[in-house]
Amino acid sequence: MAQADSGQSVQERPLSPHIQIYSNQINMLMSIVHRITGGALYFGTLLLAWWLIAAATGPSYFDFVSGLFGSILGKIILFGYTWALMHHMLGGVRHLIWDTGRGFGLGTVRLFGWLSLFCSIILTAAIWFVATNA
Amino acid sequence: MSMRTPLKTVRHLGSAKEGTDHFWKQRVTAVANIVLVTGLVWLVVSLVGADHATVKAAISNPLVALGLLMLVLSGIIHMRLGMQVIIEDYIHGEGSKIVLLMLNTFFTIVVGFACVFAVLKLSFGA
């Protein structure tokens, strides 16, 4: 403490390494995607609100909004919304497992990362298959 | 000699006096959202291409309406906590951070109340 006070405090201190220092790893990428999907879903709730308000407004406005959601652009956005929802949910389940103190082995962490990516794609495809073929 | 009493250790509330409140609410709503979001996906998938009368009838079903209301409540708490962390991580200016944290609260409440109003109107409205 005494040393730090005697003029050495202006010296550049080493900073802890940030993400650009590390090579890409699946768990790191999934962590970043978890935050991005969370942010996207945050604003995506506007779509849910819009849909509910349209239904509460009346048939003609509902048909208009329903048409927008059913357009190509609407479908692309809703497809992305579905995937973001599934990925964020599976990433969240991963975190809930980690909260119990389990699953911190290197192999398990990697497996969770790949599983959350793989299963989110499968779930999204399954939802859209049912939605378009029912 | 430490002047601290054991009470501090017992309470475990830390300097912000909130303890694990943020962490715990994020987890509780996360678990609730797994169930409620699954219900929402099921509802939306079952209503693809449906006309207004069908959608209105489906949402005004008491169980569906209750599920949606609980999803909105759990969802906006979860959203607000999550966005709060993002803001605190990336926004370092004290003023802009406070403004954004306020906007975060306003946004989630506005979206939440709009959804609740719509569901109630569909349930009780003519």
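Me: If contact means heavy atoms within 4.5 Å, how many residues of chain B are in contact with chain A?
Reply: This is a predicted model, where local features need pLDDT of at least 70, side-chain atom pairs count only at pLDDT 80 or more, and totals for chains, interfaces and linings use all residues. Residues are numbered from 1 along each chain as written, chains are lettered from A and ligands numbered from 1 in the order written, and side-chain values use heavy atoms, leaving out hydrogens and water. On the chain A side, 27 residues take part, and on the chain B side the count is 35.

Me: How much area do chain B and chain A bury between them?
Reply: Buried area is the accessible area (1.4 Å probe) that two parts lose on being put together, summed over both. Here, 79% of it sits on carbon and sulfur atoms. In chain B, Val45(B), His52(B) and Phe107(B) lose the most area to chain A, together 20% of what that side buries. The total for the two chains is about 2700 Å².

Me: Which helices hold Arg27(B) and Asp99(A)?
Reply: Helices (H or I, at least four residues) are DSSP runs, numbered from the N terminus, as are strands (E, at least two). Asp99(A) is partly exposed, at 34% relative accessible area, where partly exposed falls between buried (under 20%) and exposed (over 50%), with a 1.4 Å probe and protein chains only. The pair joins two chains, so each partner has its own helix: H2 of chain B and H4 of chain A.

Me: And Arg35(A) with Asp89(B): where does that pair run from and to?
Reply: Both ends are partly exposed, since Arg35(A) has 27% relative accessibility and Asp89(B) has 37%. The pair crosses between chains, from helix H2 (residues 26-57) of chain A to helix H4 of chain B.

Me: With which side chain does Thr82(A) make a polar contact?
Reply: Thr82(A) is in helix H4 (residues 72-99) of chain A and counts as buried because its relative accessibility is 12%. Leaving out residues up to four places away in sequence, Thr82(A) touches Thr124(A), Ile127(A) and Trp128(A). A polar contact is an N or O pair within 3.5 Å; within protein, one atom must be able to donate a hydrogen and the other to accept it, and sequence neighbours count only if both atoms are side-chain atoms. At 2.9 Å, the partner is Trp128(A).

Me: Is Ile98(B) buried or exposed, or partly exposed?
Reply: The place of Ile98(B) is in helix H5 (residues 94-124) of chain B. Its relative accessible area is 44%, so Ile98(B) counts as partly exposed.

Terms used. Contact = heavy atoms within 4.5 Å.
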